[in-house]
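Me: Could you take a close look at one part of this protein with me? I'd like to know what touches it, and then how other parts are packed.

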Amino acid sequence: WADPTVELVQDNPCLAELITSVLALPEPSPSILSFTLQLAGILTSSESRFQHLQQEKLLGRLFGQEGPRGSVAWEDASVRSAWVKGVHSMVHHQPALHFLCSTGGMDVIFTLQGDPSLFVASAASQLLVHMLTFSLDSETSKPLSTKDCDWPACAQMIIKHIEESLQSSSASHIEQALKLLTSLFGSCFGSSYTAWTEVLWLHIAKQIESFLLEETVQAQPVLANLLLNVARSPVFCGTEGSFWALVTSALEHLTPVQAGPLAVGLLKLCKCPQDVRIQALTVLLQPMDCILRAASQPLEYAGLLDESVSDPVTVESLLSSKTSCAGLLCQTLAHLEKLLSLKHLRVDLPCVSLLRSLMTILQFCNGFLSPTSPLGSTISRNLINCFRVQKSALDVLATLSEKKGCDTLIGSLFDVLLAYLQSPNTSPTVLKKTFQATSKWLVHLQDLSCSNSQWQQMEKILEDVFLVLQKRLCSPCWEVRDSSLEFLTAMVKCLREQKEFRQCLLSSEVLRLTENLLEDPESYVRASAVTAVGHLAFITCFAPEPPVPGNQYGKENTIAKLQEILSTDSEGFPRRAVISIFTKWLREGCTGQLEDTEQFVSRVIQTVEHDLDWEVRLGGLELVEVFCSQTICQLSQCPYAPVSSAVTNSTPQNELLQVFCRAKLFGFLFRSLCDCDKPVGQAACDVLIGLRGHFYPMSPLENPQEIEDSPAGRGVAWLQRTLRQGSLAQDFPMDGGVGVDFQDPESMMLALGAIDLLELHDELNKSSDHVEESPQSLLQDILATVGTIEDNEVDCY
């Protein structure tokens, strides 16, 4: 690719010889033939090289009629795929286009559009898009008209093929043509495409309109994608014209399931006319409106819509059917969640009515609502215990918590949420979603609470929530215990400053139950309990005035329990959670004065250093990085910061080195450089480079020859040699004899100045497959493993 000159082929005759020798084989293997076709395609991407291989009479035997496309090898999908890829590479100049058109190549590509291999069919479609755009861009010098004779020959052939396919009686040909048009309009966004895409649309618009009106046409689902891509192209920026009338017709005539993706796509477009946008929103809201109207008769509340786009009976019949009801609602809810998450939506969503409709769906699903209308009864039967719809509805419910205007329904909303939290029939996955929605609405309720009545409402809801939480923390199902702990953590994160929340928490059994779960038999639950206890500590241990001084949840007791888990738990998840919590505490300044923090960090890294889980060791390095940056800030950059007595009467650099050496940081960092898991070594190197930047901001590296004269220098030189060898951590002698004293400030200062950490960084960043770095290389490794070691499964990790 990098050398487009003909000399590449002339100076390397082995390239042409390779192609010739492969073509001379009576039955070349598909892999060899595929490679040759792709190589030839890349070589012929240059016009001069194309002409050279043409003179050698090789191209016709590769991509022409006498090529592999009529042979037995053609039956292999990899050969057909390679042929398409080779042609795609070749078509970057006019002679290649003319060669294909004159050798029957176009008919082959048209046939491959319907290939049984989806990869080949997709590649053929993309190739036609490339050929059409290249042909029109390179061969057109004057504005195009609707007359075919004005178009270049290759473009004429493709357009004629599209038109014939659209008028075909074959559903597969129609679908292929529509997919090709969809790809074409999806790739034409530049101003140079505007003129001819408009002409092309005029060629096909009538046929597309007829498909919308013919209910028997099976290609209708593809039409939504096509219209959406056309709407995105720059041709139809204006609000006038027949195109938007066609879009409106599509919203009316496509089924609600087919129209949904088109509607949500239109609502994301900034240039869509407002009347079309309102109609698209109406399509999405119609099932939700039907739910509200079916819930009670006479209608208790106003529906979502004044009028519908299509016949309401269509939506009612879909919701009445057991097979289609859940599918339609899940699709609608997924689209609404997308819209609600957009920052700028150019239509107003009726959030209050939408929330009421969501609550109705959730009540239908758990059987808490008995509708009086026949339609409501049918929908209720279809939705009872439907987990898919419950999860989708709860997702939208959570997103609605960020919208204004839903305050009047909060009481009823929490009644629905609490019913789900309390019900024994709520599945673990639905319960998890319910917890997530509840925590979001609790935060919203906190923002609202300003009057006495609202404070009382908040307090009552919190009491009910904690009662349910106590029950769920004791569930025999580990997924429920795990979700309950995650919910508790989410509440503490958002509400720990709120007085009512702290009171409800401390008066419940939640603290005791959470601490008990530190010994849960399931490791996921223990990890979630560690995280919950870590966040609860901000209330029980680290608050300015802990609620109950000297109680069982005191700081020392909590730290001791978590340190015990870090050193003794048999599973990695709880240990990872502990190191993550310790880092969070350190970041938020909860570990006390510098001496306390120093001892805390030292104890933790001495435990972490020997952990078999590389993610725990990596977490230890993150802890060290936070400690280093905080200590540097405290001792170097903040002249008024309180400095402990242990580090006075010396320069800031010496003070820092003494603190880091006493905490045994350097031994941990240098040994981590040789960790057998590369991410650990990379992280350690990053921390050391940061420290070197602080201690040696401007000076170059020390001369290795000069430093060996002193005892400390000899140790550092040994360390440098050891690091270059990439020895594992256990190879480090710790007696300080031939090795280095990691707790000696002078040695560590010298080590930071002498060792080329940037060179080490580059070495660590080299991937194991840097010689051949590709997904194919990885797949070959996996296949090789499967083929040679029959008794062992592949290690997917």
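Reply: Leaving aside neighbours within four places in sequence, Gln498 is in contact (heavy atoms within 4.5 Å) with Gln446, Trp455, Met458 and Leu462. This is a predicted model, in which local features need pLDDT of at least 70 and side-chain atom pairs count only at pLDDT 80 or more, while totals for chains, interfaces and linings use all residues. Residues are numbered from 1 along each chain as its sequence is written, and side-chain values use heavy atoms, with hydrogens and water left out.

Where does Gln498 sit? Its place is the loop between α25 (478–495) and α26 (499–507); the helices here are DSSP runs of H or I with at least four residues, numbered from the N terminus. Is Gln498 buried or exposed? Its relative accessibility is 5%, so Gln498 counts as buried. The cut-offs are under 20% relative accessible area for buried, over 50% for exposed and in between for partly exposed, with a 1.4 Å probe and protein chains only.

Lys57 lies in the loop between α4 and α5, and with 65% relative accessibility Lys57 counts as exposed. Lys664 lies in the loop between α33 (652–662) and α34 (665–673); its 34% makes Lys664 partly exposed. Their backbones deserve a glance too. Most residues other than glycine have a negative phi. Yet phi of Lys57 is near 55°, a positive value, and Lys664, also not a glycine, has a positive phi of about 65°.

Leu18 belongs to helix α2, and at 32% relative accessibility Leu18 counts as partly exposed. Leaving out residues up to four places away in sequence, Leu18 touches Phe35 and Leu39. The C-alpha atoms of Leu18 and Thr36 are separated by 8.0 Å, although these residues are 18 apart along the chain.

Thr36 and Leu39 take us into α3, where both are buried. The other buried residues of α3 include Leu33, Ser34, Leu37, Ala40, Gly41 and Leu43. What do the buried residues of α3 pack against? Their partners are α1 (7–10), α2 (13–24), α4 (47–55), α5 (59–63) and α6 (77–90).

Two packed helices are described by the angle between their axes and the distance between the axes. The axes are lines fitted to C-alpha atoms over the stretch in contact, and angles run from 0 to 180 degrees between N-to-C directions.

Take α13 (residues 220–232) and α14 (residues 242–253): they pack at an angle of about 150°, with axes 11 Å apart. That makes α13 roughly antiparallel to α14. The naming goes by angle: under 35 degrees is roughly parallel, over 145 roughly antiparallel, 65 to 115 roughly perpendicular, and the rest oblique. Leu227, Val230 and Ala231 of α13 meet Phe243, Trp244, Leu246 and Ala250 of α14. By class, this contact of α13 with α14 has seven nonpolar, no polar and no charged residues; Ala, Val, Leu, Ile, Met, Phe, Trp, Tyr, Cys and Pro count as nonpolar, Asp, Glu, Lys and Arg as charged, and the others, Gly among them, as polar. Helix α13 is mostly covered, with 10 of its 13 residues buried. Leu227, Val230 and Ala231 are among those buried residues.

Next come α16 (residues 274–295) and α18 (residues 322–341), which pack at about 125° with their axes 10 Å apart. These two helices are therefore oblique to each other. From α16, Leu281, Leu284, Leu285, Pro287, Met288 and Ile291 take part, and from α18, Leu328, Leu329, Thr332, Leu333, His335, Leu336 and Leu339. The residues of this contact divide into 11 nonpolar, two polar and no charged.

Finally, the axes of α35 (residues 678–695) and α39 (residues 757–765) come within 10 Å and cross at roughly 160°, which makes α35 roughly antiparallel to α39. Contributors to their contact include Lys678, Asp686 and Arg692 of α35 and Leu757, His761 and Asn765 of α39. By class, the contact of α35 with α39 has seven nonpolar, four polar and three charged residues.
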